[in-house]
Amino acid sequence: MRPAQRFMSLTLFVACAAFAAHAHARSDASFMKEAAHAGAAEIEAAKLAQTKAKNADVKAFADTMIADHTKVADELKALAATKNVKLPDGPSMTQKAELKLIDAGDNDKFDERYAKSFGVKAHQDTIKLFEEASKNAKDAEVKAWADKTLPGLRHHLEMAQALGVAPKE
């Protein structure tokens with residue numbers, strides 16, 4: 001191989017390695033940002049439930065969601081800071097729309113809408129997100145945090161399914 005070809009091959013190899021490392025870091029950063037959105041949406045929905053829910057169990061569930069998701073959000077902020085990842089400070093646009101949907105409509109059905117959307121479905125989606133990160137995160141600390149957080153998310157799903165107003169999906 002001529003020196004010019006060797007140089008080009010080496011340059012291409014280094015560029016591919018750098019791109020792969022950046023892509024892995026970007027996927028971990030994407031996970032952290034999605035997790036931040038999910039947590040913020042959970043907290044906002046629970047705050048809404050504290051004021052609109054009629055069922056005492058739904059209100060208690062909302063209280064737990066605020067406490068637990070605030071703690072997890074603080075842990076995520078600390079982790080993201082060590083990785084130089086800037087997290088969003090609220091729900092995604094889709095989650096904001098979902099919040100408006102559960103707030104709208106018949107107040108007598110609020111508990112059911114909240115339990116279904118943010119108790120069951122949101123936790124199912126978040127569990128999938130965390131399971132993916134638990135298996136595929138490239139950063140060991142990100143992976144460990146996802147692993148550590150999963151049991152609590154699964155417990156939240158069980159709690160939501162146990163509410164008399166939530167579907168047992």
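At what angle do the axes of helix H2 (residues 56-82) and helix H5 (residues 140-162) cross? In this predicted model, the two axes cross at roughly 175° and come within 12 Å. Because angles over 145 degrees count as roughly antiparallel, H2 is roughly antiparallel to H5.

**Contact of H2 with H5**
- H2 contributes Phe61, Thr64, Met65, Asp68, His69, Val72, Glu75, Leu76 and Leu79 to the contact.
- From H5, the contacting residues include Trp145, Lys148, Leu153, His156 and Met159.
- By class, the residues of this contact comprise 10 nonpolar, 4 polar and 4 charged.

**Contact of H3 with H4**
- The axes of helices H3 and H4 come within 9 Å and cross at roughly 155°; the two helices are therefore roughly antiparallel to each other.
- Gln95, Glu98, Leu99, Leu101, Ile102 and Asp103 of H3 meet Phe110, Arg113, Tyr114, Ser117 and Phe118 of H4.
- This contact has 6 nonpolar, 2 polar and 3 charged residues.

**Nonpolar core**
- The largest nonpolar core holds 42 residues, of which Phe31, Met32, Tyr114, Phe118 and Phe130 touch the most other members.
- At least two residues of this core come from each of H1 (3-52), H2, H3 (93-103), H4 (110-136) and H5.
- Leaving aside residues up to four places away in sequence, Met32 touches Leu76, Leu79, Ala80, Lys83, Val85, Leu87 and Val142.

**Confidence**
- Mean pLDDT for the protein is 86, with 82% of its residues at 70 or more.
- Over residues 6-25 pLDDT stays under 50, and the model has 3 contacts beyond four places in sequence for this stretch.

How values were computed: Residues are numbered from 1 along each chain as its sequence is written. This is a predicted model: local features need pLDDT of at least 70, side-chain atom pairs count only at pLDDT 80 or more; totals for chains, interfaces and linings use all residues. Side-chain values use heavy atoms; hydrogens and water are left out. Axes are lines fitted to C-alpha atoms, for helices over the stretch in contact, and angles run from 0 to 180 degrees between N-to-C directions. Helices (H or I, at least four residues) and strands (E, at least two) are DSSP runs, numbered from the N terminus. Angles under 35 degrees count as roughly parallel, over 145 as roughly antiparallel, 65 to 115 as roughly perpendicular and the rest as oblique. Contact means heavy atoms within 4.5 Å. Ala, Val, Leu, Ile, Met, Phe, Trp, Tyr, Cys and Pro count as nonpolar, Asp, Glu, Lys and Arg as charged, and the others, Gly among them, as polar. pLDDT is the predictor's confidence in each residue, from 0 to 100. A nonpolar core is a set of buried Ala, Val, Leu, Ile, Met, Phe, Trp, Tyr and Cys residues joined through side-chain atoms within 4.5 Å. Buried means under 20% relative accessible area, exposed over 50%, partly exposed in between (1.4 Å probe, protein chains only).
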